[in-house]
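Subject: Structure for you to look at

Hello,

Here is the structure I said I would pass on. Please open it alongside this message.

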Amino acid sequence: MSREKVLSLLLERPSEYLSGEAMSRALGISRAGVWKAIEALRQEGYEISSAPNRGYRLESAPDRVREGELAGPLAGCLVGGTLACLDTIDSTNTECKRRAMAGAPEGLVVLAEEQTGGRGRLGRSFQSPKGCGLYLSALLRPRLEPAAVTDFTAWVAVAVCDGIEAACGVRPRIKWTNDIVMNGKKLCGILTELGLESESNALEYLVPGIGINVNHRPEDFSEEVRPIATSLAQELGHPVRRSLLAAEVIRALDRMYARFPDNKQEYLDKYRSDCMTPGNQVQLITPASRQEAYALAIDDDFRLVVELADGTRKALSAGEVSVRGMYGYV
């Protein structure tokens with residue numbers, strides 16, 4: 001923990017030297033403890049210079065998502081107020097739910113360098129190679145009826161677009177209902193899960209999970225996924241610092257959650273603007289069938305309104321079907 005706090009201090013003033021004595025006073029640890037933390041960070045790849053009578057200065061840092069890099073940017077946020085930055089986990093959603101059932105506080109965000117069992121909608125797997133992507137889940141405890149959070153994933157999708165735009169200067173699009181895309185390929189998946197109290201059926205927790213392909217190369221995807229997946233690095237032509245992206249996405253989630261559900265029109269307008277599905281011929285896919293339809297619009301409940309081949313119209317909820325483009329992923 002000392003090394004995370006020392007790192008956070010160094011990042012607050014990246015161009016200045018900080019004395020060991022000043023850090024010792026600020027953190028309530030000995031100067032020897034500061035030195036040990038500095039040495040541990042150096043061994044992890046952080047380049048920290050030192051100068052007599054001046055102290056320490058951070059010169060460069062590896063691309064790691066860790067508490068010391070996020071605590072400063074997330075100061076004052078509910079979402080991200082508590083962080084668990086892990087090396088490897090089966091699934092950040094699963095870990096978040098485990099901690100929720102153990103009494104973890106609202107606002108906890110679980111992040112991992114790698115997921116061995118990343119999951120998407122309808123039981124699909126989500127590829128999460130080590131050090132390539134941003135994999136995170138948040139623990140929320142809204143005092144709402146379960147029926148009041150059915151459109152929450154759509155709100156999360158808008159927040160993810162906000163965070164990516166803030167960090168990278170480009171705004172991706174949304175493929176209804178929960179995929180973030182760029183140039184016709186999948187950039188990010190979102191999976192929201194909830195827990196209910198067994199006796200009252202009241203909402204106990206809500207866990208949105210987000211997996212963003214950040215610095216993946218084409219060879220980091222399986223042959224099956226490669227034709228439909230992309231990453232920010234591939235689209236932008238340069239690597240993206242994952243800690244910066246994490247901070248912006250979590251801050252966008254925090255702003256969104258503070259406005260949920262009262263600011264529905266704001267997020268509905270954004271979702272409609274970002275969603276690229278309406279206006280396209282699509283396939284409606286269930287485990288038992290495929291059906292062609294024309295996507296018309298997003299209704300006031302974030303449902304996709306489609307027209308079937310016989311001219312009838314229906315509004316689809318997220319849990320009913322998967323929607324795939326007729327001639328490609330989107």
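Predicted model: local features only at pLDDT ≥ 70, side-chain atom pairs only at ≥ 80, totals over all residues.

Helix pair. Helix 1 covers residues 2-12 and helix 2 covers residues 20-27. Their axes come within 11 Å of each other and cross at roughly 120°. Helix 1 and helix 2 are therefore oblique to each other, and their crossing is right-handed. On the helix 1 side, the contact is made by Lys5, Val6, Leu9 and Leu10; on the helix 2 side, by Met23, Ala26 and Leu27. Sorted by type, the residues of this contact are six nonpolar, one charged and no polar.

Helix 8 runs over residues 242-259, which is 18 residues. From its first C-alpha to its last, helix 8 reaches 26 Å, close to the 26 Å expected at 1.5 Å a residue. Of its 18 residues, 13 are buried, so helix 8 is largely enclosed by the rest of the structure.

Loop residue. Aspartate 299 sits in the loop between strand 11 (289-298) and strand 12 (304-308). Is aspartate 299 buried or exposed? Its relative accessibility is 14%, and the cut-off for buried is under 20%, so aspartate 299 counts as buried. Which residues is aspartate 299 in contact with, leaving aside its neighbours within four places in sequence? They are Leu268, Arg272, Val305 and Ala315.

Regards

Conventions. Residues numbered from 1 in each chain as written. Heavy atoms only, no water. Helix = DSSP H or I, 4+ residues; strand = E, 2+ residues; numbered from the N terminus. Expected span 1.5 Å × (residues − 1). Buried < 20%, exposed > 50% of the residue type's maximum accessible area, 1.4 Å probe, protein only. Axes fitted to C-alpha atoms, helices over the stretch in contact; angles between N-to-C directions. Parallel < 35°, antiparallel > 145°, perpendicular 65-115°, else oblique. Left-handed = near helix turned anticlockwise from the far one by under 90°. Contact = heavy atoms within 4.5 Å. Nonpolar A, V, L, I, M, F, W, Y, C, P; charged D, E, K, R; others polar.
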